[in-house]
Structures are given as C-alpha cells and as structure tokens.
Amino acid sequence: MILRRSLLVTAPCLLLGAIKAAQANPDDQPQTVSLLARKLYALPDDDGAIEAARNKLAADPKDVSLALKLSKAQAAKRQYREAIATCTAALAAAPNNADLLVERGHRELGLREFKAALADLSRAGTLEPKQLDAQYHLGLAYYFLRQFGDAAEAFSRALELAQSGDSVIDCSNWRYVSLRRNGDTANAARVLARITPDVKNTEPHLFFYLQLLHFYQGKLSEAQVLPPKPSGPADLEAELSFNTINYGVGNWHVYNGDPSHAVAFFKNATSGFAWNSWGFIGSELELANGPR
C-alpha cells in the first residue's frame, strides 16, 4: 500500500496524547480477551522500534505517514489498542484518510472488534475503492462476521486489483473459502481454476496460502499440507503457517460436511501465541460459536 503524506492541522495535541498513552507497559493488562476466555497480551518494545517511531512523530505530529509508522510498529508488538489510539488521534484531523482507516480497521479485526472494523473498512473502501488493502480487509471483516456472501464480493474486488502472484494467491484463498462457506461451489471452483502452475509465490510469508489452494485442488493431501508444530513463540513464521493451514484444513472439513473432524485442527490453531493471525481468529470463532 502506498502511504499518502497528509498534514494534521487541527489536532496535534491529540496525537501527542496518543503517544503518551502508548507508553504504558503492554504487560499490565491484556489487549483483549478471546472468545474462548483467554487473555491475550502484547509484547514489549524490546528493540526500541516503537520508541523510535514515537519520537519521530513527536518531532512532527502533523505528519500522518509518521502516525501510520508508529501504529504499525505498535501492531508488530501486538500493542493493538495503542495502535488504534494512534490512528484515532490522527483521524481526528484527517477523517478522510483511507490509509488510517484501513490501519485502524486491521487492528480492530485483531481485537475481535469486527463491527467497528467493518465500519472503518467500508468507509475506506468508499473513499478509495481501488485500494487493495481496503477491499481485502473489508472481506475479512465480513468473513469474521459470517457474512460470507459479502466477504466473497469484497475478495472478488480485491482479486481484480491484485497486481502480483502473491496477491492473487492471498485473495484467491479467502474468496474460495468465503464462497464455499456461502454454499457457492460453482464459483468456488472457478477460483481454483485460476490457480495454474503459472501462478507463482515469491513472498515466503504467503507460501502457506498457495499450499492450501493446492490442497483444495486435490494436488496435496492433508498429511502433505500440514506443517510441523512450531518450536516456540519466537518462531513467528512457523506459527503463522501452522495456524493458517490448520484453520484452512479444519474449515475444509466444515464446508465438506464433517464439522466434528474440524475441531482438532481449530484447537491446534488456537494453541499458540500468535493470537492476531487470521487462522487463530477464524478457529477461535468456530470453537466458540460452532460452524454455520
């Protein structure tokens, strides 16, 4: 996403207030409580990335791009409430900044505040309908609210905006599962038909989505697609892959009529520490509410 530079001209004090609020120890209280009653915590700013971003914003509190950088630095440490406060302060003076709305909506999704995220992301999509991140995260908001038809439409718009193989893979995965959960097997099959050998993955972070698409196509078996359990919370990429694929396989059993078989996969995906991953959130929803 290309970040637009915008000047805050009316509320620099609000930004500075957000800076001070973000100085609280993230371990003092949970960021949120999961739908399974688990307290979910942030990480400390052990490398000083948040402090550095905060100092830069403090030196130029009217610069929205710096507010976005601070929010992303906070989110990287799962300090989502602080990130939302940073965006909210910036939006007070730049209410039509789609990048800020997408960033805040992204973090609201992580806190399971799906309706708030839907409002922010819908507005961002209206302001900038050709922004891929807005449509993609809007699709996730609808999906987690179990409005699968609306999710499929948002992911369709995101797919039309995709400019790289990685984006095609990412959006195709979510459009496919949205259609399957909505009972639209014909259009879901058309999504998979586009995933030919010519569709290549270059971003390691998204390789697990390509594996899932090959699993849906029947090119990989369940045993072949499932990754080993992460060695620990420090192995973030392994945990993201583990959560994503376990959710994808469990979800596959749900829309193929075997929800009881899915439970073990959903429990796997919620057993670790990457509580902000989409696979963790999706699995948590299934375990808390049951498939429908």
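The largest cavity in this predicted model has a volume of about 50 Å³. Its lining consists of Tyr143, Phe144, Arg146, Phe148, Arg181, Tyr247, Gly282, Leu285 and Glu286. By class, the lining of the largest cavity divides into 5 nonpolar, 1 polar and 3 charged residues.

By the rule applied here, the model holds 2 cavities of 30 Å³ or more. The second largest cavity has a volume of about 40 Å³. Asn173, Trp174, Val177, Tyr209, Leu212, Tyr216, Thr244, Tyr247 and Gly248 line the second largest cavity. In this case α9, α11 and α13 each contribute at least two lining residues. The lining of the second largest cavity has 6 nonpolar and 3 polar residues, with no charged residues. Tyr247 is named in the lining of the largest cavity and also in that of the second largest cavity.

**The largest pocket**

The largest pocket contains about 1200 Å³ of space. It is lined by 42 residues, and those closest to its centre are His106, Tyr136, His137, His205 and Trp278. Helices α3 (64-76), α5 (98-110), α7 (132-144), α9 (165-181), α11 (207-216) and α13 (236-255) each supply at least two residues of the lining. The largest share of the pocket lining, 5 residues, comes from α5. By class, the lining of the largest pocket comprises 21 nonpolar, 10 polar and 11 charged residues.

Two packed helices are described by the angle between their axes and the distance between the axes.

| Helix pair | Axes come within | Crossing angle |
|---|---|---|
| α7 and α9 | 11 Å | roughly 25° |
| α6 and α7 | 9 Å | roughly 150° |
| α8 and α9 | 8 Å | roughly 160° |

The axes of α7 and α9 cross at roughly 25°, and these two helices are therefore roughly parallel to each other. Their crossing is left-handed. On the α7 side, the contact involves Leu132, Tyr136, Leu140 and Tyr143, which meet Ser167, Asp170, Cys171, Trp174, Val177, Ser178 and Arg181 in α9. By class, the contact of α7 with α9 has 7 nonpolar, 2 polar and 2 charged residues. Tyr136 is among the residues closest to the centre of the largest pocket, Tyr143 and Arg181 belong to the lining of the largest cavity, and Trp174 and Val177 belong to that of the second largest cavity.

Helix α6 (residues 114-127) also packs on α7, with axes that come within 9 Å and cross at roughly 150°. That angle makes α6 roughly antiparallel to α7. The crossing of α6 with α7 is left-handed. Phe114, Ala117, Leu118, Leu121, Ser122, Ala124 and Gly125 in α6 are in contact with Ala134, Gln135, His137, Leu138, Ala141, Tyr142 and Phe144 in α7. This contact has 10 nonpolar and 4 polar residues, and no charged residues.

For helix α8 (residues 148-161) and α9, the axes come within 8 Å and cross at roughly 160°. The angle makes α8 roughly antiparallel to α9, and α8 passes α9 in a left-handed crossing. From α8, the contact is made by Phe148, Ala151, Ala152, Glu153, Phe155, Ser156, Ala158 and Leu159; from α9, by Val168, Cys171, Ser172, Trp174, Arg175, Ser178, Leu179 and Arg181. The residues of the contact of α8 with α9 divide into 10 nonpolar, 3 polar and 3 charged.

Notes. Residues numbered from 1 in each chain as written. Predicted model: local features only at pLDDT ≥ 70, side-chain atom pairs only at ≥ 80, totals over all residues. Heavy atoms only, no water. 1 Å grid on protein atoms, 1.4 Å probe; cavity = no way out; pocket = protein on both sides within 12 Å on 5 of 7 lines; lining within 4 Å. Points joined across faces, edges and corners; volume = space filled by probe spheres on them. Helix = DSSP H or I, 4+ residues; strand = E, 2+ residues; numbered from the N terminus. Nonpolar A, V, L, I, M, F, W, Y, C, P; charged D, E, K, R; others polar. Axes fitted to C-alpha atoms, helices over the stretch in contact; angles between N-to-C directions. Parallel < 35°, antiparallel > 145°, perpendicular 65-115°, else oblique. Left-handed = near helix turned anticlockwise from the far one by under 90°. Contact = heavy atoms within 4.5 Å.
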